[in-house]
Amino acid sequence: MDYAIETTALTKRFGKQIAVNDVDLKVPNGAIFGFLGSNGAGKSTSVRMILGLSRPTSGQIRLFGEKLQHKKRPLIGAMADSPGGAFYDHLSARDNLRVVATSLGITENVDALLETVGLSHAASKKVRAFSTGMRQRLGIARALIGSPPLVILDEPLNGLDPEGIREMRQLIRTLAEGRTLIICSHLLGEIELVASHIALLSEGRLVHQGPLADLATGPPKLDIEARGDQVAALLKAMSTEIEQIEGDRYRLTLGNHDPAAINRKLVESGAEVSALTPYRFSLEEFYHHQIGSAHHG
Ligand SMILES: Nc1ncnc2c1ncn2[C@@H]1O[C@H](COP(=O)(O)OP(=O)(O)OP(=O)(O)O)[C@@H](O)[C@H]1O
C-alpha cells in the first residue's frame, strides 16, 4: 500500500519523559485520517516531527515513500494553533495569504483558495474583524498554499458553533478530494462522520490504527427487534450474552449462530421479527475501550 506518512519506531524524549514512544504510524495515501488521543498523548509532538519542526530522538519518517527532508515544501500544509493560527490582523484575508505565498516563493491564486474555503465574500476584510469560524477557514486556506498533497488540521472544529461545525465537515470532505488529510481532534462524533481511518495514541504509544469501518471491541454483536413469547428464551439459548433487553429489543453477542440461523429459529417459533442489524461500535465506545486496555495492560 502507498502511504502518505510512514513512521518507524518514531520516538521523542523530553529529558526523562517519553512524549512519543516507538510509534509506527501508517497514513494511507488519500485517507481522511483521524489522529486521536487524550491531552498529552503525544499528537502534537508527533505532528511537529512530521512537519520537520522538531527532531525525533530516534526513528524514521517517510513522506510519500521518501525519507523526510527538511525544506521540501510544499509536501505538507498545516493548520495548527487554533483558532486558525496567528495572522496579521490589520491586513485583509487576501493580503494575509499573499504574504505567506510570497515568503514561500510560491505564485498562488489566493482568491481561488479563499473561494475553496468559502471566504470569497470576506477577501478584502481585515482579519481583525473575523469570527472564529472565519479564522479557521483562513487557516485552512493558508495550509493549502502551494497545493500540498498532505494537509494536517489541528482541531479544526474548535470553537465553532453547530452551523460552523457542519460547514467545516463539508469543507473537510471537499479538501479530501485528491489529498491526504490528517485531522487531530477530540470530537469523536465528528471524526466518526468524516474519517476513513483513525489512529489512537495513549501516553505516547500507538494503541490502534486502521480503517474506521474495522472498529470492534470484541466479538460481533447483533441487534434484534422481535415480538413473541419465546423470543427471550430462544435468544438466551443461542447466545451466552444478551446485553440489553428493552421491550422487544435485544442486543446479543454472536456465538456460533449466524444472523440467518437466528432469524430462522425466531420465525419458526412464531416470533414476529421486524429488524436484525449488525451492531456497530461507536468510535467513542471503541476509544474508551482501547484507552482503558492500554492503561491496564
Ligand atoms: N517542549 C516540550 N518540553 C517538555 N515536554 C513536552 C514538550 N512538548 C510536549 N511535552 C510533553 O509531551 C507530552 C505529549 O504532549 P503533546 O503536546 O504532544 O500531546 P497532545 O496529544 O498533542 O495533547 P493535546 O491534545 O493536549 O494537544 C506531554 O506530556 C507534554 O507535557
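Student: Which residues of helix α8 are buried?
Tutor: In α8, which spans residues 259-268, Ala-261, Ile-262 and Leu-266 are buried, where buried means under 20% relative accessible area with a 1.4 Å probe and protein chains only, and helices are DSSP runs of H or I with at least four residues, numbered from the N terminus. This is a predicted model, in which local features need pLDDT of at least 70, side-chain atom pairs count only at pLDDT 80 or more, and totals for chains, interfaces and linings use all residues. Residues are numbered from 1 along each chain as its sequence is written, and side-chain values use heavy atoms, with hydrogens and water left out.

Student: Back to those buried ones, where do they sit around the axis of α8?
Tutor: Ala-261, Ile-262 and Leu-266 are buried, and they lie on the same side of α8 because they cover an arc of only 135 degrees around the axis, taken from the directions from the helix axis to the C-beta atoms.

Student: And what caps the N-terminal end of α8?
Tutor: Asp-258 does, with a side-chain oxygen 3.1 Å from the backbone nitrogen of Ala-260.

Student: New topic: which element gives the most to the shell around the ligand?
Tutor: That is α1, with three residues, and the residues surrounding the ligand include Lys-43, Ser-44 and Thr-45, where near means that a heavy atom lies within 4 Å.

Student: How far is the side chain of Thr-45 from the ligand's oxygen?
Tutor: An N or O atom in the Thr-45 side chain is 2.6 Å from an oxygen atom of the ligand.

Conventions:
A polar contact is a pair of N or O atoms within 3.5 Å; within protein, one must be able to donate a hydrogen and the other to accept it, and residues adjacent in sequence count only if both atoms are side-chain atoms. Helices (H or I, at least four residues) and strands (E, at least two) are DSSP runs, numbered from the N terminus. Buried means under 20% relative accessible area, exposed over 50%, partly exposed in between (1.4 Å probe, protein chains only).
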